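Please open the structure in the viewer and keep the selection panel at hand.

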Amino acid sequence: MARKVIVLGEIRDKALRNVSFEAIAAAKVLANGGEVVGILIGEKAANLASDMIAYGADRVVVAENEKFKHYTPDGYAQALMAVIEEEKPEGIVFGHTSLGKDLSPKIAAKLNAGLVSDVTAIEADGDNITFIRPIYSGKAFEKRVVTEGIMLVTVRPNNIAPLEKNEERTGKVASISVEIKDLRTIVKDVVRKASEGVDLSEAKVIIAGGRGVKSAEGFKPLQELAEVLGGAVGASRGACDAGYCDYSMQIGQTGKVVTPDLYIACGISGAIQHLAGMSNSKVIVAINKDPEANIFKVADYGIVGDLFDVVPMLTEEFKKLKV
Ligand code: FAD
């Protein structure tokens with residue numbers, strides 16, 4: 001059975017986040033040959049429709065309004081519900097981001113539908129779709145099927161490969177005007193706490209520091225390595241609690257969940273709450289003075305040593321490879 005599936009494109013800094021393209025790839029599987037419709041909500045968003053089409057959307061519906069300058073749960077929910085009423089989709093895909101995690105359950109509740117969140121893989125067998133998602137802080141995976149109603153799904157960034165970009169693809173772009181009723185939340189401004197740079201939740205390479213980094217200054221060698229590898233810097237809660245870095249960098253059960261291609265843990269012991277946020281990374285390298293540190297149990301490569309010796313050595317070697 002072919003399905004119509006809509007995908008919410010997520011805009012940040014006037015561009016679509018990568019996870020939106022991964023969500024389109026997921027939607028294609030759900031659609032089973034049916035139509036994939038990209039949805040853009042923003043103050044100005046129509047210029048991004050071609051990107052959604054290039055990554056596989058068949059057409060795009062744009063809801064523009066000055067009230068969508070910043071994300072608000074009720075504003076976006078009103079816009080998305082208007083699109084859903086018009087399009088009557090059989091599936092809806094969001095990124096498993098702060099926005100997706102906030103908006104998707106609201107929409108599910110309004111539609112009286114189920115929601116499969118934090119999906120890392122999708123298996124399709126004809127009409128049957130099985131969603132795979134980590135449970136118990138990433139210690140196990142469960143398989144879920146949706147037996148009735150609209151399929152609502154959030155996909156974890158960096159897990160489902162986007163389709164290859166094809167600028168030759170064409171598709172219709174239509175606008176929908178949404179009458180926004182009273183907004184209970186008004187966002188006046190968004191102030192960035194974290195430093196500019198690669199977004200942690202979408203980074204392909206993450207260099208993370210723990211209490212072993214010993215000070216804010218101690219993060220410098222990690223930042224240099226991240227720069228050479230084009231990656232982002234993350235942290236354990238130990239490092240955040242100690243005041244070495246901002247909580248926006250925290251990875252783990254109560255921080256961000258990340259799945260980069262390469263995760264380099266420096267001076268992190270490997271507490272279960274930290275592993276919950278990074279153990280699904282594709283390749284894990286651990287640098288720790290203590291050969292018994294728990295982090296070595298999940299690491300693909302372990303380096304027993306002082307991070308202040310090892311990290312600058314790695315930076316130098318990677319620099320040579322880049323030349
Ligand atoms: P430590 O456990 O102190 O480890 C420091 C490591 O650095 C040690 O292994 C040491 O051998 C090594 N080291 C020291 N100096 C060097 C050096 N020069 N070179 C190399 N290695 C060195 N933690 C998270 O990270 N994320 C979370 O989201 C999170 N959520 C939590 C939620 C709850 C409800 C609770 C109770 C805890 C949570 N924690 C979380 C905290 C977690 O339990 C640990 O306390 C924390 O992860 C420890 O941080 P750490 O590994 O940096 O510090």
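A polar contact is a pair of N or O atoms within 3.5 Å; within protein, one must be able to donate a hydrogen and the other to accept it, and residues adjacent in sequence count only if both atoms are side-chain atoms. The model is predicted, with local features requiring pLDDT of at least 70 and side-chain atom pairs pLDDT 80 or more, while totals for chains, interfaces and linings use all residues. Residues are numbered from 1 along each chain as its sequence is written, and side-chain values use heavy atoms, leaving out hydrogens and water.

**Ligand.** Select Gly238, where a backbone N or O atom lies 3.5 Å from an oxygen atom of the ligand. Proceed to Lys289, whose backbone N or O atom is 3.2 Å from a ligand nitrogen atom, and to Leu307, where the corresponding distance to a nitrogen atom is 2.9 Å.

Next, display the 26 residues around the ligand (a heavy atom within 4 Å). Arg211, Ser236, Thr254, Ser269 and Asn288 come nearest.

A pocket is an open set of points on a 1 Å grid over the protein atoms alone, where a 1.4 Å probe fits, with protein on both sides within 12 Å along at least five of seven lines; lining residues have an atom within 4 Å of a point. Among the 17 lining residues, select Ser236, Arg237, Gly238, Ala271 and His274, which lie nearest the centre.

**Largest pocket.** Finally, select Arg12, Asp13, Arg17, Arg192 and Asp199, the closest to the centre among 50 lining residues.
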